[in-house]
Amino acid sequence: MPHNPLPKAFKTFEFSKENEERINEILQRYPEGRQASAILPLFDLAQRQCGGWLPGSAIEKITALLDLPVIRGYEVATFYTMFNLKPVGRYHIQVCGTTPCMLRGSENLKSVCKQHLGIESGETTKDGLFTLNEVECIGACVNAPAIQLNDDYFEDLNEETFQKLLEDLSAGREVKPGSALGRQGSAPLNSDQYSVFSNKKDD
């Protein structure tokens with residue numbers, strides 16, 4: 001079944017009743033006069049409610065709630081790549097483009113997206129299923145190349161394992177986050193695993 005089209009812009013934004021309760025809990029974490037620091041968790045809350053993106057009406061709502069100028073909200077929202085200022089697909093693929101991942105093949109992963117999905121960085125498939133973005137370090141350098149898919153990390157990828165991941169997602173099959181090699185955390189590679197990244201075997 002095709003994915004629903006991307007949502008239209010929210011002309012107005014109101015938090016759900018459930019999220020209103022969560023806002024009160026979040027604000028209580030900050031000392032009096034320091035509630036402006038809650039802008040990050042409140043942006044995240046709004047983005048999740050809106051299906052993965054942060055519309056301008058939500059930024060205006062939150063800055064008013066925190067008694068901040070709207071421009072301060074946009075400064076925060078445009079600084080952090082975790083916030084999306086336009087709709088994203090059901091599967092938001094964030095390919096790390098920082099040096100360790102680039103040296104280990106992140107450009108090849110973007111090429112797979114181009115070939116398999118027909119999109120490049122900053123684009124979304126016509127069915128609204130996938131969005132691709134290049135981001136800075138996601139903190140998985142030892143297991144490079146790595147991507148973040150929505151809230152999950154997929155690591156130790158190569159062209160074949162990444163294409164298989166995309167095919168599974170397209171078919172609605174369950175996927176398992178973590179290392180494509182099956183190693184735990186950043187455990188050392190053995191010779192068989194290393195051969196996935198290199199044509200040379202250990203001497």
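Author: One definition before we start. Buried means under 20% relative accessible area, exposed means over 50%, and partly exposed is in between. Aspartate 44 has a relative accessible area of 29%, so it is partly exposed. Also keep in mind that this is a predicted model.

Reader: OK. Which residue does aspartate 44 meet in a salt bridge?
Author: Its side chain meets the side chain of arginine 48. The distance is 2.9 Å, N to O.

Reader: What about arginine 48 and aspartate 151?
Author: Their side chains meet in a salt bridge too, at 2.9 Å, N to O. Arginine 48 is in helix 2, and aspartate 151 is in the loop between strand 3 (147–149) and strand 4 (152–155), so this pair ties together parts 103 residues apart in sequence.

Reader: Got another pair, say lysine 110 and glutamate 107?
Author: Their side chains form a salt bridge at 3.0 Å, N to O. The two are three residues apart in helix 6 (residues 106–117), about one helical turn.

Reader: Lysine 110: buried or exposed?
Author: Buried, with a relative accessible area of 17%.

Reader: Let's zoom out. How many helices and strands are there?
Author: Eight helices and five strands in the protein chain. Along the sequence the pattern is α-α-α-α-β-α-α-β-β-β-α-β-α.

Reader: How much of the chain is buried?
Author: 38% of its 203 residues count as buried.

Reader: And the surface?
Author: The accessible surface is about 12200 Å². Carbon and sulfur atoms hold 49% of that.

Reader: Which residues are buried in helix 3?
Author: Helix 3 spans residues 56–65, and Ser57, Ala58, Ile59, Ile62 and Thr63 are buried there. The buried residues of helix 3 pack against helix 2 and helix 4.

Reader: Tell me about isoleucine 59.
Author: Isoleucine 59 is in helix 3. Its relative accessibility is 0%, so it counts as buried.

Reader: What does it touch, beyond its sequence neighbours within four places?
Author: Isoleucine 59 is in contact with Phe43, Leu54, Val70, Gly73, Tyr74, Ala77 and Leu85.

Reader: And what comes after helix 3?
Author: Aspartate 67 follows, with a positive phi near 60 degrees.

Reader: What about aspartate 156?
Author: Aspartate 156 also has a positive phi of about 55 degrees. Its place is the loop between strand 4 and helix 7 (159–170). At 1% relative accessibility, aspartate 156 counts as buried.

Reader: Where is there a cis peptide bond?
Author: From alanine 144 to proline 145, with omega near 0 degrees. Proline 145 is in the loop between strand 2 (130–135) and strand 3.

Reader: Last topic: surface patches. Which residues form a negative one?
Author: Glu18, Glu20, Glu21 and Glu25. Glutamate 25 lies in helix 1, residues 17–27.

Reader: And a nonpolar one?
Author: Leu40, Phe79, Tyr80 and Met82 make a nonpolar patch of about 400 Å². Methionine 82 lies in the loop between helix 4 (70–79) and strand 1 (91–96). It is partly exposed, at 46% relative accessible area.

Note on methods: Residues are numbered from 1 along each chain as its sequence is written. This is a predicted model: local features need pLDDT of at least 70, side-chain atom pairs count only at pLDDT 80 or more; totals for chains, interfaces and linings use all residues. Side-chain values use heavy atoms; hydrogens and water are left out. Patches are made of residues with over 30% relative accessible area and no salt bridge: like charges are joined within 9 Å, nonpolar side chains (Val, Leu, Ile, Met, Phe, Trp, Tyr) within 5 Å. Accessible areas come from the Shrake-Rupley method with a 1.4 Å probe; for residues, only the protein chains shown count as cover. A salt bridge is a side-chain nitrogen of Lys or Arg within 4 Å of a carboxyl oxygen of Asp or Glu. Lys and Arg count as positive and Asp and Glu as negative; His and the chain ends are not counted. The place of a charge is taken as NZ of Lys, CZ of Arg, CG of Asp or CD of Glu. Helices (H or I, at least four residues) and strands (E, at least two) are DSSP runs, numbered from the N terminus. Buried means under 20% relative accessible area, exposed over 50%, partly exposed in between (1.4 Å probe, protein chains only). Contact means heavy atoms within 4.5 Å.
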